[in-house]
Amino acid sequence: MASANWLPLGHVYYEKMELYSLEWGDQIDLAKFIVAPAPYGGPLALMRDDSNNPNLSGNVKPIIHAFTSSGKPIGQLRVCSLFEAKDTKVLDVRIFRSYKGTGIAVLTCNYRIFMVNCIDDLRVRRLAEVPGLNSAPTAWGIITMDGQSQALVAKQNELYLVDHGGQYQQQSIDVSVPAEAIMDMAISFNNKYLALFTESGIVWIGSADLKKKYCEFNTKSHQRPSQFIWSGPGAVVALWDKLMLVIGPDKDYISFQNDSTVSLVEEEDGVRIVGRDNVEFFRKVPLVTEQIFKIASMEPGAMLFEASREFERESQRADEYIRTIKDSLDIAVSQCIQAAGHEVEPSKQRALLKAASFGKCFLTDYNPEPFFNMCQMLRILNQVRNPNIGIPLTYSQLEHLTMAVLIDRLVLRKYFYLAIRICQYLKLPESEGASRILAHWACYKVLQKNEDDEQVAYAIRDKMGDTPGVSYSDIASKALECGRTDLAIRLLDYEPKAARQVPLLLQMKKEHIALNKAIDSGDTDLIYFVLMRLKDTMPQGEFFMAIRNIPVALSLFLQNRGPYLKTLKFRKFPGGPIFPGKVLNKGHPIFNNAKESYMKARNEFAAKQVEDEIKLLKYQRRLEEELRRPYMDLSVHQTVHKLIVDNSHKMADQIRKEFKIPDKRYWWLRIDALAEAGEWMELDKFSKTKKPQLGMEAFVEACLKHGNKREAMKYIPRVLPDKKVQCLIQMGDLKQAAEAAFENRNEDDLNKVLRKCTLADRAIEDQIKGYKQQLAGGRR
């Protein structure tokens, strides 16, 4: 029976299933290691715990061992010892999920918290100080609510919520017996729920904003658990050595006694349990699975599953089951498809999909897309779950992670062939799939220094050919970084675009080859580019000696010594602008020469452009000196945008006035930059400026662009009626969009909403059709 291993926790069920038998066997005793696991079926990092070993020398550098989730070795890394790292002054670290991605927060030795909201944007924010905190907090964590990440800090029995705006708020919780100290806290994967562990062994479970309490549970243990996490959004898991306690929000619990030390990995829909011999997955039984397999269930999916089994036995009872659910057969098929997605065992997947296939035979207008999509996803999931790959993703996790990220993870793990086959199976565009993966493979190939340059170049060319979207110059650049200059030159020979070859050849000091490539391309701008680089890097006499036997180069240089500046000034190549900011830092006269040439040619516009460029570069140099951030070689608009993101509003306004940026353009820049920086309060304040230059739809678009739907909703009531429908469509709120279109009596907008409806929006489709009939009746 499918429900034989289900465990009741209040009104719901949980189950524990084995994912892998670990390949490391008896080699690893988790009790002797510090374990750092990655979510979403990610790898495990293990480092031997020598903190209690007094005989260990301070000069010994520990080794981090990386394994897949199935225990297959990935690699190892020797790191600096804790004694060498003591000057970093970091006491503790938290990795959290923010509205922008994966964030990191650190607690320093002076008990201050610094935070980065996204590892792809390393802007460090210092959070407010906790009043009177003169020792390490007893517990702390990061909560993301309303588009903002804040730290919840426990100082004994006091709780404080602190943010990067310099604000702190003391919090209170509804407890029956006041706690002397809060020793640990767990924040759910979705940031909606919070659990606290007190020194008396009480577990408090409530909402993340601390406004609602679900229960208090007495664990009868005064010892702080080694791990205290959530299993999905429905239960809290506390681990003491070999005892694992699962606590529900209604004071129900399940306890497990493990045979050996285990480590827990928090997932969005459960907990991975890594033991000595195997890896298990503990989760809440999905509702649709419960509906089908619960004893005596009368749900349509359960009846269809039984009908399918009876049909295989050639029993007439199959017909009786089908007749029982004939009015809800589409629901039954959908339930079986969804339940198949939640199953890990391929045999159960097949049984459920067979039932769905059997049921859809009786439907005349069934849309096969959900069935087809689920078959595709399960085939991919079963491949990556294979112990040789060792990524035990569930269907729910894959939906959140997205297929693009899974492919990226396979590429990083060097499973290039599998990644390409998945892209081909899903029929992804080559630029997003095979081409991109081949480029990663080629870059990995050039790192294999034990292989001959000619063999590597031939292998890359043979595999990639003329695949669209692949740049041989990028691969050559990687080879150059690795010190393989000869390989880089060979790879550049395969690059069809001279404009991509030339900058890299110049970087390798192969000026003569670069000049020949430029001449062969027939691009005069590219020839000028190389000539000016040669002129800047070579003595004058040597320069003329070098080009005198190259008639094309010599002729172009002699005939265009003045006008060439006009052509080149605003031309950019992949290697960057021809006159980068560093030229100005060296005091190079080329800008002044360009300005004089334009003045002599009576080209006042171009002369003014050069003058503005000089002025901008001076500003950027000053900004880099004052703010210690890169600004050189950005355009005026990029400079202003970056200043706003970096919270330098006065300087941004000064440059705006200096370069006379139009008001509307400045409004676009400021709105987008504030949204990118997550400065939602400042954005709201800006939206209330007198005489706004843009409508509220611009604020909605910026919030949505940077992933804050809740903030976008605040501006909807202030959007003009003729723009509101489009904004609501962008937010995915088709119901309100239809209502707004009807209020405006605009049939075109109703049709726009109708085109966005999917099969899941049938109710909205019917509503829109009703609105259109009312409008048509009014016209009559």
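1. A salt bridge is taken here as a side-chain nitrogen of Lys or Arg within 4 Å of a carboxyl oxygen of Asp or Glu. By this criterion, Asp-653, Arg-656, Lys-657 and Asp-663 are linked in a network, and the structure holds 31 salt bridges.

2. On provenance: this is a predicted model, in which local features need pLDDT of at least 70 and side-chain atom pairs count only at pLDDT 80 or more, whereas totals for chains, interfaces and linings use all residues. Residues are numbered from 1 along each chain as its sequence is written, and side-chain values use heavy atoms, with hydrogens and water left out.

3. Overall composition. The secondary structure comes to 32 helices and 27 strands; helices (H or I, at least four residues) and strands (E, at least two) are DSSP runs, numbered from the N terminus. Of the 780 residues, 47% count as buried, where buried means under 20% relative accessible area, exposed over 50%, and partly exposed in between (1.4 Å probe, protein chains only). With contact defined as heavy atoms within 4.5 Å, residues 24 or more positions apart account for 50% of the contacts with a separation of 6 or more.

4. Helix H2. The 13 residues of H2 (residues 300-312) should span 18 Å at 1.5 Å a residue, and the end C-alpha atoms are 19 Å apart, which agrees; the expected span is 1.5 Å times one less than the number of residues. Among the buried residues of H2 are Met-303, Leu-304, Phe-305 and Glu-310. The buried residues of this helix pack against helices H1 (287-293), H3 (317-324), H4 (329-342) and H5 (346-360). Just after H2, Glu-314 takes a positive phi of about 60°.

5. Most residues other than glycine have a negative phi. Tyr-111, in the loop between strands E8 (101-108) and E9 (113-116), has a positive phi of about 65° and is partly exposed at 24% relative accessible area. Leu-210 also has a positive phi of about 65°; this residue sits in the loop between strands E17 (202-207) and E18 (213-218) and is buried at 9% relative accessibility.

6. Salt bridges across the sequence. Asp-184 pairs with Arg-224, the closest N and O atoms being 3.5 Å apart. The pair links strand E15 (residues 182-187) to the loop between E18 and strand E19 (227-231), 40 residues apart. Arg-436 and Asp-408 meet at 2.7 Å, N to O; the former lies in helix H10 and the latter in helix H8, so the pair ties together parts that are 28 residues apart in sequence. Asp-672 and Lys-705 meet at 3.0 Å. Here Asp-672 is buried, with a relative accessible area of 16%, whereas Lys-705 is exposed at 57%.

7. Asp-733 occupies the loop between helices H29 (721-731) and H30 (734-743), and touches Met-713 and Leu-728, not counting residues up to four places away in sequence.

8. Leu-623. This residue of helix H22 (residues 604-627) is buried, with a relative accessible area of 1%. Leaving aside neighbours within four places in sequence, Leu-623 has contacts including Tyr-631, Leu-643 and Ile-655. The C-alpha atoms of Leu-623 and Leu-643 are separated by 9.2 Å.
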